[in-house]
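Here is a short briefing to read alongside the sequence and the 3D view.

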Amino acid sequence: MPTLKIRLRSALVAGTALLALTGAANADEQHFPLQSYRVGPYAAGGTGFFGGFIDYLNLINTRDGGVNGVKLTWSEGETQYEVERGVEVYERLKSRPGIAAWNPLSVGIAYAMIDRITKDKVPLITINHGRTDSTDGRVFPYVFPLLLNPYSETSGIVEYLASREGGLEKLKGKTIAVLFHGSPYGKETIPIYELLAKKYGFKVEQIEVPHPGNEQQSQWLTIRRLKPDYVVLRGWGVMNPVALKTAQKTGFPANRIVGNVWSNSEEDVIPAGEAAKGYVAITTQASGAEYPVLQEVTKTVYGAGTGNLADRKRIGSVYHNLGIVNGILNVEAVRAAQEKFGKRTLTGDEVRWGFEHLRLDEARVAALGAKGLFHSINVTCANHEGEGRVTFQQWDGAKWSVVSDWIAPDWATLRPIIEASSATYAKEHGLTPRDCAKEEAASQAPAVGQ
Amino acid sequence: MTATPLLRVEGLEARYGGAVRALVGVDLTVGAGEIVALVGSNGAGKTTVLKAVSNLLPAERGQVTAGRIVYDGLDVARTPTDALVRAGLVGVLEGRHCFRALSVEENLVTGGLGRGSGRAAIRADLDRIFSVFPRLVEKRRALAGLISGGEQQMVAIGRALMGRPRLLVLDEPSMGLAPKIVAEIFSTLARLNRDERLTLLLAEQNVTVALRHADRAVVLENGRSVLEGTAAELRARDDVRAFYLGLGAAPALTAA
Amino acid sequence: MAATSAPLAKTVLRPSANAVGIALLLVLAYGIVPLVGTSYLYEAILTPFLALSLAALGLNLLTGYAGQLSLGSSAFMALGAYAAFNLSLRLPFLPLPVTIVLAGLVAATAGLAAGLPALRLRGFYLAVSTLAVQFFVGWVLNRFAWISNDSPSGVISAPPLVIAGLSFEDARGRYLFSLTVVALLTFLAWRLVTSPTGRSFVAVRDNETAARVIGVKVARTKLLAFALSSFVVGVAGVLWAFAYLRTVEPAGFNLDRSFQILFIVIIGGLGTLRGAFLGAGLIVVLPLLLSRFGAAVLGDGFDSGTLEMCQRIALGTLIVAFLIREPAGLAALLDRAVRCLRRAD
């Protein structure tokens with residue numbers, strides 16, 4: 001026990017010393033509390049995503065000395081992807097000073113945080129996932145499903161299939177089978193596929209795979225009978241490789257299977273081995289380490305031995321790149337907010353303003369070293385998704401490579417459905433939606449910064 | 001024997017699980033105020049008869065397939081056990097079966113639950129039981145699982161008495177107990193029969209003790225009642241002695 | 001925190017000592033904690049602790065007292081939570097306490113139905129049939145979108161906690177709200193287990209045939225145990241959803257949660273009311289303490305994955321050690337400690 005005591009004491013001493021140090025320096029800092037999951041069934045995604053996010057924050061600190069001199073800091077709490085643990089970490093870390101935003105990458109945790117972050121006035125970022133209706137920033141002022149929500153993902157996939165057929169009008173008469181995970185997540189897009197099928201005149205067959213999805217013989221026999229032109233895989237975990245293997249067994253070609261964002265990582269295809277060759281999946285961020293920003297991360301961060309991934313081979317993997325893009329978006333939101341409020345530690349509410357004015361066109365994305373990594377984003381008060389474009393990548397047995405242009409989902413068709421859903425939420429909770437035009441006019445008034 | 005018996009069992013047949021035939025023809029009557037002993041070797045069907053009398057067979061995947069049981073005008077097969085208890089037919093199972101996690105007193109109190117006694121009635125009944133079994137007074141707070149076998153048997157009988165029975169059905173009350181305790185329990189039962197006209201139907205392997213206290217006895221063999229008579233008669237018969245008391249040679253049985 | 005006396009352990013604690021203990025706990029919970037607590041204490045520790053304690057209390061009525069094993073507790077939590085959500089959404093004029101009671105009744109009705117197999121099945125077979133309830137409820141919540149008000153993802157968010165214009169929206173309010181509900185139901189549970197009905201529960205548990213032969217209505221008693229237990233568990237589900245997480249997804253009430261509640265009951269002590277609280281304390285609070293301790297000793301920089309694994313191993317070892325030392329659970333351990341202290345006086 002004595003060794004433990006000594007260690008405890010030295011830890012305490014070190015802690016107080018650190019406190020004293022930061023207190024003395026009194027430097028401006030912006031903090032990112034991370035509800036990471038590095039153990040449990042989803043650890044592969046968690047280590048990649050949070051690794052990428054931390055790597056990018058590290059890059060900004062080492063290369064630029066922070067954002068306009070404001071250092072970026074972070075702390076981690078393990079959630080194992082469990083909602084209660086996520087809440088516990090939120091309550092534990094929320095009192096840290098200068099919190100910029102929360103990035104849980106878990107639908108369940110994000111849902112449990114909506115009330116809390118709204119009350120505490122801090123942004124909640126659910127990149128590529130989350131509540132579809134939180135796209136409506138008038139009802140969800142602090143929630144940002146950046147780049148993609150389940151509805152625009154659906155639309156993006158349909159647009160891509162149309163491009164493979166040679167145009168939206170060519171979809172008429174085609175058959176698309178959607179193999180979805182038997183959970184609320186899996187079912188969320190059922191009405192959207194129905195809607196788009198009606199609109200473009202294709203036939204859609206939606207087939208449920210009960211959780212966890214390690215037995216899909218009957219579903220794929222149904223698919224063989226239906227002879228669809230494409231199969232969309234809206235999968236989750238073990239369901240994805242099993243789908244690919246069963247498809248091979250029933251003779252359905254992998255290059256006619258298109259996966260959604262939860263079916264697009266290395267972990268989804270590698271267990272399927274040969275059967276995954278030719279499989280295509282949607283993504284908002286291309287994979288690969290050849291982009292300038294990834295090169296800098298490799299050189300500056302991993303070169304200095306401070307990289308977060310244990311395995312350097314995972315640099316440029318799907319989840320790692322999602323973490324990098326997430327880092328870019330968070331940092332740029334802070335930068336946008338600093339321009340209005342001053343180059344100092346910002347409050348969560350000020351960072352929210354930054355996210356609502358996060359506008360990165362292709363030129364700016366290129367300047368950030370991310371040309372080709374992701375397309376662009378344009379977040380507004382009313383549109384918290386920011387019109388993210390999607391691309392499609394194909395698995396060649398060893399790596400993903402991009403096989404399509406950047407595709408714009410059909411936002412105009414989806415918006416009314418999203419607004420109907422957010423209106424229901426507003427009614428359930430007795431909320432009055434914000435008036436974005438008025439707020440925008442007010443924020444054009446002289447800045448309150450230093 | 002009185003004109004209308006309190007309990008009448010006629011041509012009773014029973015099976016377990018639809019296959020095993022446990023009883024193939026049992027007749028017996030118990031008149032009010034009598035002590036009737038059901039004797040027979042192990043596996044003769046004594047316990048099954050008693051369970052049928054309390055309508056407990058359905059709970060153990062058993063069923064009465066023929067014959068009938070009438071208790072005080074009630075068709076037992078159509079009367080749930082708790083209704084029989086309220087009508088005054090209460091059983092004490094073989095092996096005592098106390099509620100181990102309850103104290104002696106709480107065990108006794110549960111005996112009043114089935115009848116739906118009020119607080120005052122339960123209090124009065126408790127006092128009565130403690131006067132019948134004075135040994136239990138000092139153990140009233142002890143957990144029933146931790147007292148001796150004889151005391152557990154007293155608790156089980158006392159618990160049944162809390163239901164204020166008219167007919168008490170006892171299965172092997174002497175099993176596994178020291179002779180002295182058995183004698184004490186039987187004399188208590190005999191006193192209750194004498195002083196309060198409590199009617200008793202009891203199954204016993206210990207024929208000597210049973211026949212000493214019973215008014216009449218019914219002999220059961222292979223699920224069939226083969227012999228009936230007063231206790232004095234049966235005590236005197238050589239064949240019964242041979243079969244059940246283990247004395248002398250075994251002549252052929254003749255139904256009485 | 002409102003631990004109460006086990007009715008069967010009168011031999012151990014004098015009632016007066018018990019009453020003093022409970023009074024002290026109530027003073028602590030109502031008087032002192034709200035003055036000194038932090039939002040972290042309320043939101044991350046006490047509120048989930050209270051909700052899980054209540055769920056364990058409910059299961060203990062069924063499993064600990066009436067002896068009927070159930071693996072479907074979280075299904076009843078889900079029913080309570082979703083019923084309360086729908087009631088408050090569709091009948092907004094109902095006061096919150098009425099909504100909660102009605103939600104409990106919905107869970108109780110389902111519990112009654114789930115208890116029907118108990119009339120025929122026992123032990124493991126019964127456990128399997130309650131497992132079916134677990135999966136069936138999950139399926140129903142998933143299948144019928146109306147239940148989650150057609151929310152596209154099946155996740156619902158809880159309405160505000162307001163009673164008669166009094167808001168319990170902040171962390172302390174939610175804690176006090178949960179505390180009051182739990183204290184009230186614990187008191188009622190205590191009344192129940194000391195009543196004749198409570199004794200019939202134990203009689204059925206200890207020996208079903210013996211209970212039957214002395215006139216206990218076994219079928220009715222079992223069904224009653226299922227209904228009352230499900231009521232309490234259902235209300236715990238409301239607390240979990242409304243006061244703690246403020247959101248519910250069907251997956252949050254999965255088999256893992258049912259097992260968690262069962263473990264709380266077993267570790268805390270079957271057939272004691274205190275056990276539910278002690279067990280929940282161990283299951284909810286100990287991992288947090290371990291993780292704080294680990295972080296303090298090894299520092300923030302230590303790989304959080306490895307740290308988590310170490311904590312799991314430590315927690316598992318502790319639980320095994322506890323159960324070897326005292327198979328009857330923490331409640332029995334506490335009784336022994338109290339006895340030792342008294343002897344030392």
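Chains A and C share the most contacts of the 2 pairs of chains that touch. Chains A and B, by contrast, are joined by no contact, and their closest C-alpha atoms lie 37 Å apart. Please keep in mind that this is a predicted model.

**Where chain C meets chain A**

- On the chain C side 30 residues take part, and they are in contact with 33 residues of chain A.
- Three helices of chain C, namely α2 (39-65), α11 (273-298) and α12 (304-325), each supply at least two residues of the side that touches chain A.
- Of the elements on that side of chain C, α2(C) gives the most, with 5 residues.
- Sorted by class, the side of chain C that touches chain A holds 14 nonpolar, 11 polar and 5 charged residues.

**Chain A as a whole**

- Chain A contains 16 helices and 13 strands.
- Its radius of gyration is 22 Å, close to the 22 Å that the globule rule gives for 450 residues, so chain A is as compact as a globular protein of that length.
- Along the principal axes, the C-alpha atoms of chain A fill a box of roughly 70 × 60 × 40 Å.
- Buried residues make up 54% of the 450 residues in chain A.
- If you look at contacts in chain A between residues at least 6 apart in sequence, 70% of them join residues at least 24 apart.

**The seven-stranded sheet of chain A**

- In chain A, an open sheet of 7 strands runs in the order β6-β5-β7-β8-β9-β12-β13, and its pairing is mixed.
- Which strands stand at the edges? They are β6 (203-209) and β13 (400-402) of chain A, and each has a single partner strand, so one side of each is left without a neighbour in the sheet.
- From one strand to the next, the twist of this sheet averages 25°.
- Strands of a sheet pair through backbone hydrogen bonds, either parallel or antiparallel.
- Strands β7 (residues 230-234) and β8 (residues 257-259) of chain A pair in the parallel sense, over 3 bridges.

**K174 of chain A**

- K174(A) is found in the loop between α5 and β5 of chain A.
- Is K174(A) buried, exposed or partly exposed? With 18 other C-beta atoms within 10 Å, K174(A) is partly exposed, because that class covers counts between 12 and 20.
- Leaving aside neighbours within four places in sequence, K174(A) is in contact with E165(A), F202(A) and D229(A).
- K174(A) and E205(A) are 31 residues apart in sequence, and their C-alpha atoms are 11 Å apart in space.

**A helix pair in chain C**

- Helix α7 (residues 196-206) and helix α9 (residues 218-245) of chain C have axes that come within 10 Å and cross at roughly 105°.
- The two helices, α7(C) and α9(C), are therefore roughly perpendicular to each other.
- From α7(C), the contact is made by T197(C), S200(C), F201(C) and V204(C). From α9(C), V218(C), T221(C), K222(C), L224(C) and A225(C) take part.
- The residues of this contact between α7(C) and α9(C) divide into 5 nonpolar, 3 polar and 1 charged.

How values were computed. Residues are numbered from 1 along each chain as its sequence is written. Chains are lettered from A and ligands numbered from 1 in the order in which they are written. This is a predicted model: local features need pLDDT of at least 70, side-chain atom pairs count only at pLDDT 80 or more; totals for chains, interfaces and linings use all residues. Two strands pair if DSSP finds at least two bridges between them. Helices (H or I, at least four residues) and strands (E, at least two) are DSSP runs, numbered from the N terminus. Axes are lines fitted to C-alpha atoms, for helices over the stretch in contact, and angles run from 0 to 180 degrees between N-to-C directions. Angles under 35 degrees count as roughly parallel, over 145 as roughly antiparallel, 65 to 115 as roughly perpendicular and the rest as oblique. Two residues are in contact if their C-beta atoms, placed from the backbone, lie within 7 Å. Ala, Val, Leu, Ile, Met, Phe, Trp, Tyr, Cys and Pro count as nonpolar, Asp, Glu, Lys and Arg as charged, and the others, Gly among them, as polar. The radius of gyration is taken over C-alpha atoms; the globule rule is 2.2 Å times the number of residues to the power 0.38.
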